[in-house]
Amino acid sequence: MPTPKLTTRSSRPQRWMQLLRSLLLGLLLTLSWNLSPAMAQISNPFSPGGNSIVPPAGVERIGLLETTTVALDGTPLFDIASPAVFNRNESGAEVPVEVRARQIETNLNQVVNRTLAVIYDDETVDSSSLDINIETISGQPVLFAVGAGLAEPRVLLTITDTDAQYNGVSQIDLAERWQAVLRDSLRQSVDSRLPEARQRQIRRTLWILLASLVLTLGLTGIWRVLGWRKRNLEQKQTAQDNLPIPPGADVPEQQLLQVFSYQLTLAQRLQVVAFLRWLMFWGIAFVWITGIASGLYIFPQTRSYAFGLFSIPVLLLLTWFFAGLLNRLANLGIERIAQAWNKNELGDLDDIQRKTMRISTITGALKGLKTTVIYALATLLVLQTLRVAPASLLAFGAVAALALSFAAQSLVKDLVNGFLILLEDQYAIGDLVSTGTTTGIVENLNLRITQIRGEDGRLVTLPNSLIAQVENLSRSWSRANILIDVAYGTNVDEALWVVHETAHALASDPEWRYAILNPVEMLGVEGMTHAGLTILLWIRTRPLKQFLVAREFRRRLRIAFDQAGIAIGVPQQAFSGLDNLDNGEDIRGHNNSAAHANAKSGAVEPR
């Protein structure tokens, strides 16, 4: 049996828990103090227009003004302004700026459609006859669309004092500026809907689709080549892991260090290839997203969809891409740091192997924590960009965090205990540990759980908060604890000498020399019982080699005992008080004559 390293945690996690709880409570109080005005005005943070604090999407509030953009065929023209409306459910006589902008866009589309109808009916009319006039009505400039076969002037918009104040010019100057913008935009919109323009748009769309197809084929070819490279590296890694090295082989330390370094190099190359394949996949996705968006942008009827339908999906995809890119680059950075840490370690081979196990465990935990933080921040960024996470929602989050600080104490305790396990290097992935009623190899360890594979193959998952005491059976070195029973009449010194010589012969064998550190750490008579004498032998081995060494030693000791004529101890039982058999007493269970003879002579009968 190996000598376990016993680790007990009692009051230290409680102190960490109290400190963490105090810091969390202070942070929540600070958030509550800063967000109290928002909490007082919460209505519905997920409603696009019912929140009195944040304006709807596309509207920007500047003091007491609200601005938005007027667009035609998906192309922004200019910004208009209106007095701020703080409650859109009860706006009264005030017109929200986004409602005014949609009305102006409707007027522009009606002019374009009417002009196209006239051009189709009368080939002598073209878009150059469409013009914009300025008239002053009630002291405010009004823009009208005239010409191009229109039966009467069409009102487009009125220049208000708020528009002039926002743009920093007079109403007349702003009207003249917007007159030129609307004239050019309306003519261009009409021309882009004519048959000749439609043919050019179709040709450009076909070229875009062809380019997208060619790029996709190229990126797919690279992706397949990288896949072949990835499979090749995986086969090399599997072959290296399954390298047939005998369990106790005397392998030079320098050779083993080269093996470890080669395995790390293979792992890094695999990560680089996987990262490049991931980039190729996203390259194909961006090629088609860009191609479809460009195709929709070419046609004026679908240009608004290119912005509207693809803005949110592209935002989500870009966020997902950059979060994944940052996550994978962080993985590469962690691997580089781990490799540098491993190369700079000095000491014997056992220390290096132990350090490799610890590095693997810590890097795994760091990768999990880093992934959670990156994607959580990316999610918050998307919610903030989409205006789904205003200050009121953050205030809700502060209240929820306060509730979770009391409801999820076990989770916090798991994280604290997991951090202490990693910090103190109590055990790592690959260690043989025993905690409570569970004994096995540690297969996974992070800040929250520890997973142990038992000897019967069961995978036991334990929250770190439940691990109050752990026995590490493979830390630094292990021990084979061997008990041998020999017959009571055996020559003790001769039996000890045979055990001693067998242990040293095993340690001298080139096949087992590497696995044994001390062949006879302790040797002596452990006990005397009715079965005979019990001899105790301790053999110190390298970590996790104690079981193999013990099995091989028992096999060799059996042969050595046979050659020396030493018998294995057999439990015995003595019968007495049977001298009255001549007086006719009946002894049950001893009806044969041989048994009666042995009983009367006081002989010892094996059990």
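Reader: Before we start, what ground rules apply here?

Author: The model is predicted, so local features need pLDDT of at least 70, side-chain atom pairs count only at pLDDT 80 or more, and totals for chains, interfaces and linings use all residues. Residues are numbered from 1 along each chain as its sequence is written, and side-chain values use heavy atoms, with hydrogens and water left out.

Reader: How many helices and strands are there in the protein chain?

Author: Helices (H or I, at least four residues) and strands (E, at least two) are DSSP runs, numbered from the N terminus. The protein chain has 14 helices and 17 strands.

Reader: And what share of the residues is buried?

Author: Buried means under 20% relative accessible area, exposed over 50%, and partly exposed in between, with a 1.4 Å probe and protein chains only. Of the 607 residues in the protein chain, 38% are buried. The accessible surface (Shrake-Rupley method, 1.4 Å probe; for residues, only the protein chains shown count as cover) comes to about 33,900 Å², and 60% of that belongs to carbon and sulfur atoms.

Reader: How do I read contacts?

Author: Contact means heavy atoms within 4.5 Å. Among contacts between residues at least 6 apart in sequence, 66% join residues at least 24 apart. Asn-107 counts as buried because its relative accessibility is 14%. Setting aside neighbours within four places in sequence, Asn-107 is in contact with Val-155 and Leu-156.

Reader: Now salt bridges. How many does the structure hold?

Author: The general idea first: side chains of opposite charge can pair when their charged atoms come close. The cut-off here is a side-chain nitrogen of Lys or Arg within 4 Å of a carboxyl oxygen of Asp or Glu. By that test the structure holds 14 salt bridges.

Reader: Which parts of the chain does the pair Asp-73 and Arg-193 link?

Author: Those two side chains, Asp-73 and Arg-193, meet in a salt bridge at 2.8 Å, N to O. The pair links distant parts of the chain, 120 residues apart: Asp-73 is in the loop between strand E3 (65–72) and strand E4 (75–83), while Arg-193 is in the loop between helix H5 (171–191) and H6. Both Asp-73 and Arg-193 are buried.

Reader: What about a pair inside one helix?

Author: Look at Glu-105 and Arg-102, whose side chains meet in a salt bridge at 3.0 Å, N to O. They are separated by about one helical turn because they sit 3 residues apart in helix H3. Glu-105 counts as buried at 15% relative accessibility, whereas Arg-102 is partly exposed with a relative accessible area of 38%.

Reader: What do Asp-131 and Arg-183 tie together?

Author: The side chains of Asp-131 and Arg-183 meet in a salt bridge too, at 2.8 Å, N to O. Asp-131 lies in strand E5 (residues 131–137) and Arg-183 in helix H5, so the pair ties together parts that are 52 residues apart in sequence. Asp-131 is partly exposed at 26% relative accessibility, and Arg-183 is partly exposed with a relative accessible area of 22%. There's also a network of salt bridges linking Asp-509, Glu-552, Arg-555 and Arg-556.

Reader: In what order do the strands of the open sheet with E13, E14 and E15 come?

Author: In general, strands of a sheet pair through backbone hydrogen bonds, either parallel or antiparallel. Two strands count as paired if DSSP finds at least two bridges between them. Here 3 strands form an open sheet in the order E13-E15-E14, with antiparallel pairing. Strand E13 (478–486) and strand E14 (516–529) stand at the edges with a single partner strand each, so one side of each is left without a neighbour in the sheet. The twist averages 20 degrees from one strand to the next.

Reader: How many bridges join E13 to E15?

Author: There are 9 bridges between E13 and strand E15 (residues 532–541), which run antiparallel. Ser-478 stands opposite Thr-541 in E15.

Reader: Which helix lies across E14 and E15?

Author: Angles run from 0 to 180 degrees between N-to-C directions, using axes fitted to C-alpha atoms, for helices over the stretch in contact. Helix H12 (residues 492–508) lies across E14 and E15, running at about 160 degrees to E14. Helix H13 (residues 546–564) packs on the sheet, touching E13, E14 and E15, and its direction makes about 25 degrees with that of E13.
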